[in-house]
Amino acid sequence: MRKVYMDHTAGMPVDPRVLEAMTPYFEKFYGNPSSLHSFSQEARKGLENAREKVANLVNAEKREEILFTSCATESNNWAIRGIAARNEKLGKHVITTSIEHMSVMNVCKHLMKKGFKVSFLPVDEYGVVDLEALKKELTDETILVSVMYANGEIGTIEPIKEVSEIVHSKNAYLHVDATAAMGQLEIDVQKEGIDSLTLSSNDMYGPKGVGALYVKRGTRLEPLIFGGGQEYGLRSGTENLPGIVGMGKAAELTKAEMEMESKRLSRLRDKFIKGLLEKISYSFLNGHPTRRLPNNVAVRFSFIEGESMLLNLNMAGVAASSGSACTAKTLEPSHVLRAIGLKHEEAHGSLLFTLGKQNSEEDVDYVVSLLPDIVKRLRAMSPLTPKELRENV
Amino acid sequence: MYSEKVMEHFRNPRNVGEIPNADGVGTVGNPVCGDMMTIYIKVKDNRIKDIKFKTFGCGAAVATSSMITELAKGKTLEDALKITRKDVADSLGGLPPIKMHCSNLAADALHEAINDYHKKQEAKTK
């Protein structure tokens with residue numbers, strides 16, 4: 001059976017060249033980068049090279065502005081808690097959007113328990129953040145604004161430059177979660193005016209278990225882990241060197257290959273979306289039609305439920321994802337789909353395909369040829385399907 | 001995540017459809033929750049002669065609907081009323097804990113259909 005993996009936002013394979021770069025740091029260069037002897041020299045070099053490569057990827061001014069973490073969730077947690085804690089004397093107000101990842105949402109909710117006021121900005125039907133609402137919410141009390149670079153669930157790219165100008169007019173810090181955009185969009189922290197930026201390794205074919213936080217020089221941030229003083233005294237603990245080297249290599253490859261790959265993926269994405277919307281009635285695109293991540297195909301089909309579609313796709317060898325409550329641990333439909341105004345039953349019928357390097361045009365054709373029959377079969381079974389549709393898709 | 005038996009019923013659901021002029025119809029759940037099912041029964045000599053279902057929902061919702069039609073077919077109405085949610089889940093080799101509450105509605109839908117049948121019969125005799 002044909003196997004098609006289209007769940008890249010959830011997990012990606014490690015690029016073989018990345019794995020090759022990592023291997024020596026398990027078996028040869030095992031010295032602690034903090035030691036003085038010769039065994040540690042290669043390790044230290046590997047660490048700083050990786051830092052340089054990650055800094056280059058997002059055009060950081062200095063490599064010291066890159067701090068390695070264990071994952072993107074940690075980076076988001078650290079940036080938001082660390083900036084809030086260090087600056088709370090200046091004000092206790094934080095602003096974010098209603099479509100952030102849970103690693104931003106739940107930290108903000110935690111801050112509320114600690115006495116901070118948090119504003120969750122609305123988005124339009126495409127998921128673009130409301131800049132007028134941002135202007136209204138910003139006050140002299142606001143110390144931090146957190147807006148994602150792009151949303152992985154609906155693909156929408158946020159207007160970070162505009163957000164930054166507004167935020168900095170009130171002297172607040174801007175944190176940006178770039179996890180979903182990794183490896184797909186060119187990010188320039190200097191040009192776009194970003195104070196802190198969450199970076200993910202696995203989202204650009206690097207290993208899991210490592211991430212990074214860009215922190216612009218001069219940004220007031222509390223340390224995350226106290227100990228031996230690694231990561232400039234901000235995050236102590238012996239470095240995950242093979243992981244960090246892997247992330248560095250992934251950043252280098254991304255920088256060199258992203259432009260072409262993003263073009264290829266965008267073409268596949270557009271063909272995919274067009275094919276599904278043309279072949280299946282009562283089908284809709286989730287997220288923005290053009291301001292969209294190259295790998296993101298988020299769609300919804302009326303009268304049926306996402307998990308049933310996923311199970312059928314899985315039986316045909318296709319791995320995808322859904323915004324339906326029935327696939328979530330919480331039994332609530334995705335907050336992102338609710339924030340763009342979808343009703344519960346519409347959110348339940350959502351499917352998310354995220355493309356990657358190994359996906360070909362044939363893969364797209366295969367899924368586009370499969371889905372109409374799956375939808376037809378489930379609609380025939382559904383009590384919600386209108387009579388005139390029962391015979392046709 | 002699902003047992004082989006659940007997947008088997010999901011792949012080949014039994015008794016999908018509607019019964020025109022059904023003797024009893026039961027609908028439970030709603031699309032907001034993500035699960036909704038309707039069960040149709042035809043009754044003869046106090047037994048469930050025919051039973052069909054329509055379901056909107058996840059794999060567990062489809063499998064439990066299919067399973068209950070098999071469990072109930074041919075049973076007397078009294079015996080059919082005794083079928084519990086647990087019986088349905090057990091017959092399927094178990095359900096994931098999170099699905100036990102939300103998607104295991106088939107027994108309720110069957111009971112609704114039988115109640116509907118009784119109500120209709122009462123209305124006829126009045």
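Student: What pLDDT does chain B average?

Tutor: Chain B averages a pLDDT of 94. 100% of its residues score at least 70. pLDDT is the predictor's confidence in each residue, from 0 to 100. This is a predicted model, so local features need pLDDT of at least 70, side-chain atom pairs count only at pLDDT 80 or more, and totals for chains, interfaces and linings use all residues. Residues are numbered from 1 along each chain as its sequence is written, and chains are lettered from A and ligands numbered from 1 in the order in which they are written.

Student: What ipTM and pTM does the predictor give the complex?

Tutor: The ipTM is 0.92 and the pTM is 0.94.

Student: How many residues of chain A are in contact with chain B?

Tutor: 18 residues of chain A are in contact with 18 residues of chain B. Two residues are in contact if their C-beta atoms, placed from the backbone, lie within 7 Å.

Student: Which helices of chain A each supply at least two residues of that side?

Tutor: α10 (306-315) and α12 (344-348) of chain A do. The largest share, 4 residues, comes from α10(A). Helices (H or I, at least four residues) and strands (E, at least two) are DSSP runs, numbered from the N terminus.

Student: What is that side of chain A made of, by class?

Tutor: The side of chain A that touches chain B has 10 nonpolar, 5 polar and 3 charged residues. Ala, Val, Leu, Ile, Met, Phe, Trp, Tyr, Cys and Pro count as nonpolar, Asp, Glu, Lys and Arg as charged, and the others, Gly among them, as polar.

Student: Switching to domains. What does the assignment give for chain A?

Tutor: Domain 1 covers 4-10 + 258-378, and domain 2 covers 16-254. Those bounds come from an automatic or database domain assignment. The C-alpha centres of the two domains of chain A lie 28 Å apart.

Student: How many residues are in contact between domain 1 and domain 2 of chain A?

Tutor: 20 residues of domain 1 of chain A are in contact with 21 residues of domain 2 of chain A. On the domain 1 side, α9 (241-279), β10 (296-301) and α11 (335-339) of chain A each supply at least two residues. By class, that side has 8 nonpolar, 10 polar and 2 charged residues.

Student: OK, sheets. In what order do β9, β10 and β12 of chain A run?

Tutor: These 3 strands form an open sheet in the order β9-β10-β12, with antiparallel pairing. Two strands pair if DSSP finds at least two bridges between them. The edge strands are β9 (283-285) and β12 (350-354) of chain A, and each pairs on one side only.

Student: How many bridges join β10(A) to β12(A)?

Tutor: 5 bridges join them. Arg300(A) stands opposite Ser350(A) in β12(A).

Student: And β7 of chain A: how many of its residues are buried?

Tutor: 5 of its 5 residues, 196-200, are buried. A residue is buried if 20 or more other C-beta atoms lie within 10 Å of its own, exposed if 12 or fewer, and partly exposed in between, with C-beta atoms placed from the backbone. Ser196(A), Thr198(A) and Ser200(A) point one way from β7(A). Leu197(A) and Leu199(A) point the other way.

Student: Which way do the neighbouring strands run, parallel or antiparallel?

Tutor: β6 (residues 173-177) of chain A runs parallel to β7(A), joined by 3 bridges. There, His175(A) has Ser196(A) as its bridge partner. β7(A) and β8(A) pair in the antiparallel sense over 5 bridges. Leu197(A) is partnered with Tyr214(A) in β8(A).

Student: Now the loops. Where is Asn151(A)?

Tutor: Asn151(A) is in the loop between β5 (142-148) and α7 (160-169) of chain A.

Student: Why does Asn151(A) count as buried?

Tutor: Because 31 other C-beta atoms lie within 10 Å of Asn151(A). Not counting residues up to four places away in sequence, Asn151(A) touches Ile99(A), Gly127(A), Thr156(A), Ala180(A) and Val336(A).

Student: What about Glu231(A), what is its phi?

Tutor: Glu231(A) has a positive phi of about 50°, although it is not a glycine. Glu231(A) lies in the loop between β8 (211-215) and α9 of chain A. It counts as buried because it has 21 C-beta neighbours inside 10 Å.

Student: And Asn15(B), where does it lie?

Tutor: Asn15(B) lies in the loop between α1 (4-11) and β1 (24-30) of chain B. Its phi is near 55°, a positive value in a residue other than glycine. Asn15(B) has 18 C-beta neighbours inside 10 Å, so it counts as partly exposed.
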